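User: I'm new to reading protein models and would like a guided walk through one. Could you help me with that?

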Number of protein chains: 4
Amino acid sequence: MTQGSGPGTAGDRVGVWFVGAKGSVATTALVGALAIRDGLASGLGCVTELPELAGTPLPGFDSLVFGGHDVLDVPYRKRAEELAAQSVIPGQLLEPLTDALARADDEVRQVATAERDGHDAGAAQRAQVARLRADLEAFVGRHGLARVVVVDVSSTHAPVDVADPDLASAAAVRAAWDAGRSPLPASALHPWAAFEAGAGFVAFTPSPGVDLPCVVDLGRELGATWAGADGKTGETLLKSVLAPMFVQRALRVDSWASVNLLGGGDGSTLSDPVAARSKTTTKAAGLEAMLGRHVPGPLHIDYVPDMGDWKTAWDQVRFSGFLGTAMTLQFTWQGCDSALAAPLVLDLARLTAASMAAGRTGVVSELGFFFKNPLGSDEHALAVQWQELLRLTGSLAEGSDA
Amino acid sequence: MTQGSGPGTAGDRVGVWFVGAKGSVATTALVGALAIRDGLASGLGCVTELPELAGTPLPGFDSLVFGGHDVLDVPYRKRAEELAAQSVIPGQLLEPLTDALARADDEVRQVATAERDGHDAGAAQRAQVARLRADLEAFVGRHGLARVVVVDVSSTHAPVDVADPDLASAAAVRAAWDAGRSPLPASALHPWAAFEAGAGFVAFTPSPGVDLPCVVDLGRELGATWAGADGKTGETLLKSVLAPMFVQRALRVDSWASVNLLGGGDGSTLSDPVAARSKTTTKAAGLEAMLGRHVPGPLHIDYVPDMGDWKTAWDQVRFSGFLGTAMTLQFTWQGCDSALAAPLVLDLARLTAASMAAGRTGVVSELGFFFKNPLGSDEHALAVQWQELLRLTGSLAEGSDA
Amino acid sequence: MTQGSGPGTAGDRVGVWFVGAKGSVATTALVGALAIRDGLASGLGCVTELPELAGTPLPGFDSLVFGGHDVLDVPYRKRAEELAAQSVIPGQLLEPLTDALARADDEVRQVATAERDGHDAGAAQRAQVARLRADLEAFVGRHGLARVVVVDVSSTHAPVDVADPDLASAAAVRAAWDAGRSPLPASALHPWAAFEAGAGFVAFTPSPGVDLPCVVDLGRELGATWAGADGKTGETLLKSVLAPMFVQRALRVDSWASVNLLGGGDGSTLSDPVAARSKTTTKAAGLEAMLGRHVPGPLHIDYVPDMGDWKTAWDQVRFSGFLGTAMTLQFTWQGCDSALAAPLVLDLARLTAASMAAGRTGVVSELGFFFKNPLGSDEHALAVQWQELLRLTGSLAEGSDA
Amino acid sequence: MTQGSGPGTAGDRVGVWFVGAKGSVATTALVGALAIRDGLASGLGCVTELPELAGTPLPGFDSLVFGGHDVLDVPYRKRAEELAAQSVIPGQLLEPLTDALARADDEVRQVATAERDGHDAGAAQRAQVARLRADLEAFVGRHGLARVVVVDVSSTHAPVDVADPDLASAAAVRAAWDAGRSPLPASALHPWAAFEAGAGFVAFTPSPGVDLPCVVDLGRELGATWAGADGKTGETLLKSVLAPMFVQRALRVDSWASVNLLGGGDGSTLSDPVAARSKTTTKAAGLEAMLGRHVPGPLHIDYVPDMGDWKTAWDQVRFSGFLGTAMTLQFTWQGCDSALAAPLVLDLARLTAASMAAGRTGVVSELGFFFKNPLGSDEHALAVQWQELLRLTGSLAEGSDA
C-alpha cells in the first residue's frame, strides 16, 4: 500500500472536520490516521491505500489536519482508552499518540445541542449557522488549509418532511429566517455552514441534510462538492454483493429478514424507532432497487447494551430456484462498527478533497461504493460501484498528470 | 422471461447428451426442460431466461432433444419420483410428463463401467471411444439434429498426472493406443468421442478430461467447441462475490474455513478422499486467485446420508480491518444440489450450442460465470464473469442480427 | 415404542375435542393419530410412546375419538393436502386415510366468531357457553365416551385484565351475566363449557382462559382436571435446557436476543403486536425465572409469508465467564411448527385423560414439561420437568396396578 | 458467591500442582485464583462459588498454593501478557499480580520431554517417576501442605493399547521395569508419581493415564483419590444438554455434524490426527451414550492459527419428528478455551481436595459434571450430572458438620 500524494496536491494541507468529533467513529479515524502517519499502523481497511487506486492524487496522511464539533467535551485520550478496552483500537497506540491526541483536542469546538430563546427563531438559526461557519473559517486560517472536508459522523436524526415549502430552495430557507421561522433540521445546519465556508461535505449518516432540496440548491449556487449518504459498513455491504448474485443467477428472493444487534451510542440512538426510521429506510431501499421489487421480511435494529461498539447482523434469505425449489442462505456478520466505518471516513475525506482539488463540484456520485444511499446514483451493486470508483480515481489521476 | 429462439437457430433441433444421464442433475434438468417446454414451469433459475440475455439466439426449450449415457438402467419416472420425495422437483409434474419421460428413456444408452479384456488395452480403449461416438452419431441421425452438446454430469473422477507423455497430444494418445496402452482416464473418453462426432462438450464436473493437453489438442484439430469446468452452484458461488468484497474494501482475510455436508450420490463419491481431491482443488484455487494469496482454513466435504440431495455449506471467514481489528463472517447455505445445478446445465447446453452455431471454436472462456474452474480464464469474481457472459451473448446476438 | 393401554383404561373410549379443529396443528395431530392407529406411522415425536413411560395406563390410539369446534368449514382432506404440499405430513398418508378423515369432518361443529345482538350481552354469552357445552355432551353421547379432553389449539388471543372484578370468581361471572354483561374473553368460553360438561382441558396456546381466577374457581367447584399453558415446541424448548446449563456452569448471561420468523396462520396472528403480547410474555417469563433475573435482548416474532408452516428461530446469547471474558452462543432452529406441536397435543390429551381416570383434579402441574407457561409450577428447566413428568406417570402406573 | 471454607478444612493449606504449568489453561487458572484471592475478580465461572454449593467444606482461594511441571521455562508474567493480548484475561490484572506471579514461577519445575539413555529403559522410567514424586514431596514440605491435587492440563497424548499386559496392573509395571522395559506412556508418569506421593489427581485432558488398569490398580493399592477425564468446556457441554432434550422429546437424531476451529497450542496439537484421536474418541462416545445409538456425522478438529486461544464450534443436528418430518438445529459456540477451562480446573482441585479431606478414595465419579469422559460413570447428561455433583457436595457438607 502506498500513501497517495499526487502532484496536484503536493504540499497542500487538507482539513478534516468531524461533526461528532468525539464519537467512536471520529475518534477511531483520528487515532488511525495519526498512527498511519507515524508508521505505527498499516493502511489496512483503507480503500484509498489499495494498489488499484495508487495513482490518485490524494492528500497524504501527513497533510491531514483534524478538527470538529461535538456536544461532548471529553479528551481524546479518554475516548481512545474506552475504545481500546473494547478491542476497537490497539491499546499500545495510546502512549505514542498522547501528545498528538492532546493537540487534536484543541481543534474541537463545543456546540450546544439546542438553544431556543423564543424571541426570533429565524435569527437564532441564522446565527447558529454563522457560528459553525466561523469555526470552520478559523480552522482554515489557523492551519493555512488548502481545503476542508466536513464529515458528519454524529448521531442519526429522524427524517423530515422534504415537501415542506420552506425547504424547497436556499431562497426559501432565507425567506423563512426573515419571517422568524427556523426551517432547517439540526442535521442540515452543518452542510449549510460548510458550503458557505467553501468546504466539502460528506454525509456518513442517514440524517436528512445534504440531500434536502434547499441544501442541494445552496451547494449548486456556491459550487460546493459533496457526497453521501450513510456509510455502508456491514450488513448492507453484504447485501450489495449477495443481492446481485441472486439476480444474476435467476434465483427469486422470496423474503429477506435482517436483524442488527448493537450496543454503543449508535445502538442506543437507533433503539428509538423514530431515529431508526432514517436508517431502516436507507437499508431497505437498496435491497429493493437491486432485486427489482419489494421482498417481505423484517428489518430490526436492536440495542443490546453489553455489545458495546460491536455489532452482530444476522440475515436469512429465502429464495426459489429451478422448478420453484425453496432454499436458504443465512449469514452472521460480527463486526466492530467504528473499525469498519473509520477507514471509509478517511477514504471519503481524501477522495472528496481530491475531487475538490480537481475542480469537481456537485454531488460526487461515483462515491456510491461507500454508501447505503448513494446520492446522485441508483446503483447499489458493489461490483458496479467499484468500477465507478475506479473511473473517478482514474480521471483524477489523469487530470493531475496533465 | 422469454424463450430465446433467435433467427440463426430457428427451426434447428439441438441435442443435449448427458454423461450420467440417469443421475439426479440430469434427471432434474430433463424434467425441468420438459416442464418449461410444456408450460408447466417457469424458467426460474435459468440464467438464459433473464431479460439481460433476451436477444441471444438460443435454441428454445421446444427444440431440445435429450439423450445420454449411464451405467444405470432405471426408468426416469422412478428417478423423478425419488427426487420428488426429497422435494427436489414438484410431485405434480410427474403425471403430465409420464409419456415424455418414457420416450427419454429410449434415448439413454447403457455403458459398462470398465471392460478390460487384457489382450490389447489400446485397441479396447479405441473401441470404447468408437462406441461412444457411434451412439452420438446415431442420436444425431435419429432426430436430424443440427448439433449436439455433450454435458458431463457424472460422478467425479480422481485427478490424473497431466505430465504423462502419453497425454501430451492427440497424436501421443493414438501412438499409445497403437502400442497397446490405454492412456485416457475414463472421464476423457466422452470429450474425445464428442469431438470426433462433431459435438460440443461441457465439463460440469471437476473430473480430468476436456482440459487434458491431448483432448484440447484434439478439439483444436477438429475445430470443436467446449466449456468447463465444475459447476459453481453453492459455496463457491458465494465465495465468488464475498472474496472480491473483502479485497475491494481492503479487509485482509486471515482464514477461511469451509464445511460442506451433503448426502446423495455426490456426497458418497466425495467422501472418498481421492475423488474429492478434484473437487477440493478447484474449490480452493479460485479463493486463492481472488484473495491474491493462500489463506489458511480447512475445506471439508462430508457425507451425511440423511441429507439426500440437499447440502449445507457452513463457512467461517475471519478478517482484519482498520488497525488490525479482527472480525468474522459466517454463512450457512442450505441448497438443493440438483435444483441448483440443473438450470445451469441447460444454460450451458443452450449457450454452447449457440456458440457453435455462431462458428465459435475452442474453449468458450466467457462461460466462466458458471464454473469453479473457468477453463480459459483466470477470472473468478462473479461480477466480472457476469460482464464477460453479457459480452458473449451480446456478440452472439449481434452475429445473428447480421 | 409401545401403545400404552393400561388396565385402568382398557376398553374406555376417550374423546379429544379440538378448539381450532381445522387448524394446522389439529389436522396434523388427527392425521398422525389415525396413521399411528392404522400402523402407517410410528409414534416418533410422541413422548407418551417413550420406553420410560411404558407402564402408564394411557388410552391407546385406537380408543381415541376426535371432534372439535372451528370457524372454518373446510374438509380435513383438503387441509391435509395443503400440509403435505408444505412437507408437514407425508403425502402418501392421504389416500389410505381418506375415509377416516371424512368421518372426522362430521365431528366438527362450526362456531361463529362473534355474535353480538346488542340486546342482552349477558344472556348471549351464557347461551354461547351452553351451546359449546351441548356440543360436547352430544359428542360424548354419540360415541359412548368414558371421558373427553378439550385441547385449545386455536389462534392466540390478546391478554385481558385479570384484575377485572367480573373475572374474580365463577360467581362473579354469573352475576355479571345476570347484570347483562359478558365478562369472559372468547378464549375462556371453551374451558368454561368444558368444565360444565365434565371434560378436561388443555391450554396449548397462551390465550387467557383456563388460568383466569373465575375459570380456576369453576374448575375447583366442579372437580375438573386441566393443564397448560402454551406448548413449548421450539425456541423456548431450547432455552429450557440452555439457560440451566449457563446457570449450573456459573456463566453469567449478559443478553439473550431471540428472533422468530414464521409464516402460516400463527405467523399472521402473531404479527399483530397485541395478540403477540400473550406469546412474548410467556416466552420471556421462563427465561427470567431460569436465569434468576431479567436479561436484556429483543424478542421478535415476525411474519414471513413464504415460510408457511415452517419456522426459523435464531438466538444470540452473550455470556461472561472467568475473569469477565465475554463469549457467544448462537443457534438456528428450523422446525415445522405443526409437526412439533401435534405429537405434544396427543401426549397431553392422553396424559390428561389418564389423570382424570385416576381421579386427579385441579391443574396437573407435572405436565409443565410441555409448556412455556407451566400452570401450577415455577419450574422451567426441562430436565427437572422431565423428572416431574416421570413422577406423574409413575404414580399413574402405580395407581392402575393396585 | 461465597468462598467456601468449611470446618473440616479450616486453616489447611492445599497445593494445586499443574502438569503443563505454563500452558494457557494453568496460567489463566493461576492468574484468576490470585485475582479472586485478592478481591480483584469475582468467582464468575467457578461452579464451586455457586450458592447451591455454599455449605461445602472447600479450601478457600487464600489457602491454595500453586506449583507444577512444564517443559517450558517462561515467566508467568510474559505468558499472562500474551493471554491479555488475546482478551483471555483482563490486562489490568497484570500489574497488581506482578509479585505473586514471580513467586509462582519459583514453584514450577522444568521437566525434559523425553530422556532416553538406551542403557536400561526400565530403570530410567522408574527414576523419572521418582523425580516427579520428589518434586511433589518437596512442594508439600516447603509449604506445609495438608494435601496436594495434581491437575493434568498438558498437551493431549495419543491413545495407547490398553490390552498391553505390561499395563495390566501395578505389579506388571514394576515387573516390566525390572525387565528393562518402560511400559508407561508419558501421560501416565504423573498420576503414578502423584499416587506414590499421596496426592490426588485430576485428568483434565483425554490423554491415557489415570484410567489405565495399572494406574487404577496403584491408586487402589495406595488409597488415592482421582477424577477425570477431559474437561467438558464447550461443544460437548452443549451436547450434554441438547442430546437429552431430543431423547426426552422423542425426536430421532439422524445425523450430528461437529466442526471445531481453534488456534493456540491445543489447536496445533490436535491438528495431528493421532493425538486428536484421544479427543475425538471421548467427544463421540458421550453423544452415542446419550442418544442410545451411533449417529452419522463428521467430527472435525481443525487448526486455524489466527484464532489463538479462541474457538468456534459449529454443529448441525438433523432430527426427525412426528410422521418423520425432518428438521434442523445448528449452533455456533464462540468461546475462549482457557477462560472456559480455568475455573473448572480450580473447581476440580477444590472438590478433589475436599473429597480427600473427607476420606474419600478411588475415582470420584460424581465429578462427571466436569468431564467429556466421566471416569466411574456412564452418565453424560448434564442435568443428571448436576444432581450427582450436588449429592457429592451435600455429603461433604454433612460429613463436615458431624
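User: Where is C:Ala229 found in chain C?

Analyst: Before we start, keep in mind that this is a predicted model. C:Ala229 sits in chain C in the loop between strand E6 (225-228) and helix H8 (235-248).

User: What kind of peptide bond runs from C:Gly228 to C:Ala229?

Analyst: Start with the general idea: most residues other than glycine have a negative phi, and most peptide bonds are trans. Now the case here: the bond from C:Gly228 to C:Ala229 is cis, its omega being near 0°. Chain A has a cis bond to show you as well, from A:Gly228 to A:Ala229, with omega near 0°. A:Ala229 belongs to the loop between strand E6 (225-228) and helix H8 (235-248) of chain A.

User: You mentioned phi. What is the phi of D:Ala250, positive or negative?

Analyst: Positive, at about 60°, although D:Ala250 is not a glycine. To find D:Ala250, look in chain D at the loop between helix H8 (235-248) and strand E7 (252-262).

User: Okay, on to helices. How do I read the packing of H1(A) and H3(A), and what is the angle?

Analyst: Two packed helices are described by the angle between their axes and the distance between the axes. Take helix H1 (residues 24-37) and helix H3 (residues 98-105) of chain A: they pack at about 135°, and their axes are 11 Å apart. That angle makes H1(A) oblique to H3(A). Their crossing is right-handed. On the H1(A) side the contact uses A:Leu30, A:Val31, A:Leu34 and A:Arg37, while H3(A) brings A:Ala100, A:Leu101 and A:Ala104. Sorted by class, that contact has 6 nonpolar, no polar and 1 charged residues.

User: And at what angle do H1(A) and H2(A) cross?

Analyst: Roughly 100°, and the axes of H1(A) and helix H2 (residues 76-85) of chain A come within 10 Å. The two helices are therefore roughly perpendicular to each other. H1(A) makes this contact with A:Ser24, A:Thr27, A:Thr28, A:Leu30 and A:Val31, and H2(A) with A:Tyr76, A:Arg79, A:Ala80 and A:Leu83. The class count for H1(A) with H2(A) is 5 nonpolar, 3 polar and 1 charged.

User: Let me try one in chain B. How far apart are the axes of H4 and H6?

Analyst: They are 8 Å apart, with helix H4 (residues 121-143) and helix H6 (residues 186-196) of chain B packing at about 55°. H4(B) and H6(B) are therefore oblique to each other, and H4(B) passes H6(B) in a right-handed crossing. Among the residues in this contact are B:Leu132 and B:Leu136 of H4(B), along with B:Leu189 and B:Trp192 of H6(B). The contact divides into 7 nonpolar, 3 polar and 3 charged residues.

User: Now whole chains. What rotation superposes chain D on chain C?

Analyst: In general, two copies of a chain are related by a rotation about an axis and a shift along it. Here the rotation is 180°, with 0.0 Å of shift along the axis and an RMSD of 0.0 Å. The two copies are thus related as by a two-fold rotation axis. The same surface serves both copies, as 100% of the contact residues of chain D recur in chain C. If you want a landmark, D:Phe331 comes closest to the rotation axis of the residues of chain D, its C-alpha being at 2.0 Å.

User: How many residues does the contact take from chain D and from chain C, and what area do they bury?

Analyst: The size of an interface is often given as the accessible area lost when the parts come together. Chain D and chain C bury about 4,600 Å² between them, and 70% of that is on carbon and sulfur atoms. The contact takes 61 residues from chain D and 62 residues from chain C. D:Arg249, D:Phe322 and D:Leu323 supply 21% of the area that chain D buries against chain C, more than any other three residues.

Key
Residues numbered from 1 in each chain as written. Chains lettered and ligands numbered in written order. Predicted model: local features only at pLDDT ≥ 70, side-chain atom pairs only at ≥ 80, totals over all residues. Heavy atoms only, no water. Least-squares fit on C-alpha atoms with pLDDT ≥ 70 in both. Contact = heavy atoms within 4.5 Å. Axes fitted to C-alpha atoms, helices over the stretch in contact; angles between N-to-C directions. Helix = DSSP H or I, 4+ residues; strand = E, 2+ residues; numbered from the N terminus. Parallel < 35°, antiparallel > 145°, perpendicular 65-115°, else oblique. Left-handed = near helix turned anticlockwise from the far one by under 90°. Nonpolar A, V, L, I, M, F, W, Y, C, P; charged D, E, K, R; others polar. Buried area = accessible area lost by both parts, 1.4 Å probe.
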